[in-house]
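Dear colleague,

Please find below the structure I am handing over to you, with its sequence. My notes on what was found in it follow directly after.

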Amino acid sequence: MKLLNVYPRWNIEPVKAQGCKIYDRDGVEYLDFYGGHAVISIGHSHPEYVRRIKQQIDKIGFYSNSVLISLQDEYAEKLGNVSAYPDYSLFMVNSGAEANENALKLAAFHNRRKKVVAFRKSFHGRTSATVRVTDISRYWSSIDGVSEVVFLSLGDTDSLKEELGQGDVSSVIIEGIQGVGGVIVPNIKFFQDLRIVCDQTDTVLILDEIQSGFGRSGRFFAHQYAGIRPDLITVAKGMGNGFPVSGVLVSPKFAAVMGQLGTTFGGNHLACMAGIAVLDVMEKENLVMNSDRVGRYLMDKLKKLPKVKEVRGLGLMIGIEFEEPIEPLRDKLLFEQKVFTGATGAHVFRLLPPLCLNKELADEFLDRFCRVLLR
Ligand SMILES: Cc1ncc(COP(=O)(O)O)c(C=O)c1O
């Protein structure tokens, strides 16, 4: 059997990784400024993370949710405290799309409405409902769900009021920072307006923190810069530092209904242990603060580089926009300077390094980036 050829891939195979570095089959070292698409939060192969997962699998790796798994309660309690949502409940699943799919359903179970408002340039996943609230029509298929979706411009409070004022919108789904859309940070006032209009119209506010959460933005969640509390918060990526785990944080205003949601793999022993280890390391090593500090340092320096049109983002989620297409620059960075970076569209670099990045490695990246830019 061959693999279904649906992703473009580089001819590089990482076989080892440590902290912010990756090593290929020939032992060549790379700087990781992509974090496997924002997944690596505490750093590759963190010894504490590796130790805890190994210990857990020696005991028990999996059993179904038909029995008690006290690691789930331990994880939920820890996440509630670290994220400042101790009064919310946690529903655990396995991927970002699955978390958003469940959040959209929870909202609809709650108010029985059918319409969803999303924003232009959004990305929320590729499952049936999440792809329809994703503003990339080439991903849509003829069987995709969500009966009615309205895409509004990010920041357009008047249109938001008009749409929600009709009283038939089940939920509004918004990213903490738009990632795939180009690292676009919604402004604080817009988040606050959104909270107010959702409250006035009994519309559920879903904050997709799948890419921007877990310290990536320099706060635990990007929406916390605006001081709002969403009704549902979806998390994945940095939550497991590579172990597939995701979840929905559910406001106390939602009553739990027995049998309404379910999962086979969600919240398994290994996923919980990976999550606990991530939170423990984040706390011990002050990684949220580090993300803010090193992110500011990096953004200040990036703004001064030649040819750069705009630098956007928060913490260690950084977009660098160029007038020219970036593909040749990105290839040179990878193949000549040995640096992994992300991209969105043809003109924007997306930097998503592990949150343990230090200033020395940030400088090393800047040196290599300059070598490519100044050529
Ligand atoms: C903001 C956001 N939401 C949802 C998803 C979907 O996550 P997954 O690929 O784990 O299904 C992504 C993935 O990139 C994302 O960036």
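Helices (H or I, at least four residues) and strands (E, at least two) are taken from DSSP runs and numbered from the N terminus. Please bear in mind throughout that this is a predicted model.

**Domains**

The chain is divided into two parts, domain 1 (14-42 + 286-373) and domain 2 (47-284). Their centres, taken over C-alpha atoms, are separated by 26 Å. Across the boundary, 24 residues of domain 1 are in contact with 26 residues of domain 2. On the domain 1 side, the elements that give two or more residues to this contact are helix H1 (35-38), helix H9 (287-303) and the strands E11 (308-314), E12 (317-322) and E15 (348-351). Of these, H9 gives the most, with five residues. By class, the side of domain 1 that touches domain 2 has 12 nonpolar, nine polar and three charged residues.

**The largest nonpolar core**

In soluble globular proteins, nonpolar side chains tend to be buried together. The largest nonpolar core here has 103 residues, and the members that touch the most others are Val 172, Ile 206, Leu 232, Leu 249, Ala 274 and Val 278. Helix H8 (residues 269-284) supplies the largest share of this core, 10 residues. Both domain 1 (14-42 + 286-373) and domain 2 (47-284) are represented, each with at least three residues in this core. Taking Val 172 by itself, and not counting residues up to four places away in sequence, the residues it touches are Val 117, Leu 194, Cys 198, Thr 203, Leu 205 and Ile 206.

Helix H4 covers residues 96-111, which makes 16 residues. From its first C-alpha to its last, H4 reaches 23 Å, close to the 22 Å expected at 1.5 Å a residue. H4 is mostly covered, with 12 of its 16 residues buried. Among the buried residues of H4 are Gly 96, Ala 97, Glu 98, Asn 100, Glu 101 and His 110. Just after H4, Arg 112 takes a positive phi of about 60°.

Which element gives the most to the shell around the ligand? That element is H4, with three residues. In total, 14 residues surround the ligand, and the closest are Ser 95, Gly 96, Ala 97, Ile 210 and Gln 211. By class, this shell has five nonpolar, seven polar and two charged residues.

**Positive phi in residues other than glycine**

Val 183 lies in the loop between strand E7 (169-175) and helix H7 (188-201). Although Val 183 is not a glycine, its phi is positive, at about 55°. Val 183 counts as buried because it has 27 C-beta neighbours inside 10 Å. Ala 84, in the loop between helix H3 (70-83) and strand E4 (89-93), is a residue other than glycine with a positive phi near 70°. With 13 other C-beta atoms within 10 Å, Ala 84 is partly exposed.

**Exposed positions and their partners in space**

Three further positions are described here with their surroundings. Asn 11 is placed in the segment before strand E1 (14-18). Asn 11 has 6 C-beta neighbours inside 10 Å and therefore counts as exposed. Asn 11 and Phe 335 are 324 residues apart in sequence, and their C-alpha atoms are 10.0 Å apart in space.

Gln 55 belongs to helix H2 (residues 47-59). Is Gln 55 buried or exposed? Gln 55 counts as exposed, because it has 11 C-beta neighbours inside 10 Å, and the cut-off for that class is 12 or fewer.

Ala 346 is found in the loop between strand E14 (342-344) and E15. Ala 346 is exposed, with 10 other C-beta atoms within 10 Å. Not counting residues up to four places away in sequence, Ala 346 touches Pro 325 and Ile 326. Ala 346 and Glu 323 are 23 residues apart in sequence and 9.6 Å apart in space, C-alpha to C-alpha.

With kind regards

Terms used:
Residues are numbered from 1 along each chain as its sequence is written. This is a predicted model: local features need pLDDT of at least 70, side-chain atom pairs count only at pLDDT 80 or more; totals for chains, interfaces and linings use all residues. The expected span of a helix is 1.5 Å times one less than its number of residues. A residue is buried if 20 or more other C-beta atoms lie within 10 Å of its own, exposed if 12 or fewer, and partly exposed in between; C-beta atoms are placed from the backbone. A residue is near a molecule or strand if its C-beta atom, placed from the backbone, lies within 6 Å of it. Ala, Val, Leu, Ile, Met, Phe, Trp, Tyr, Cys and Pro count as nonpolar, Asp, Glu, Lys and Arg as charged, and the others, Gly among them, as polar. A nonpolar core is a set of buried Ala, Val, Leu, Ile, Met, Phe, Trp, Tyr and Cys residues joined through C-beta atoms within 7 Å. Domain bounds come from an automatic or database domain assignment. Two residues are in contact if their C-beta atoms, placed from the backbone, lie within 7 Å.
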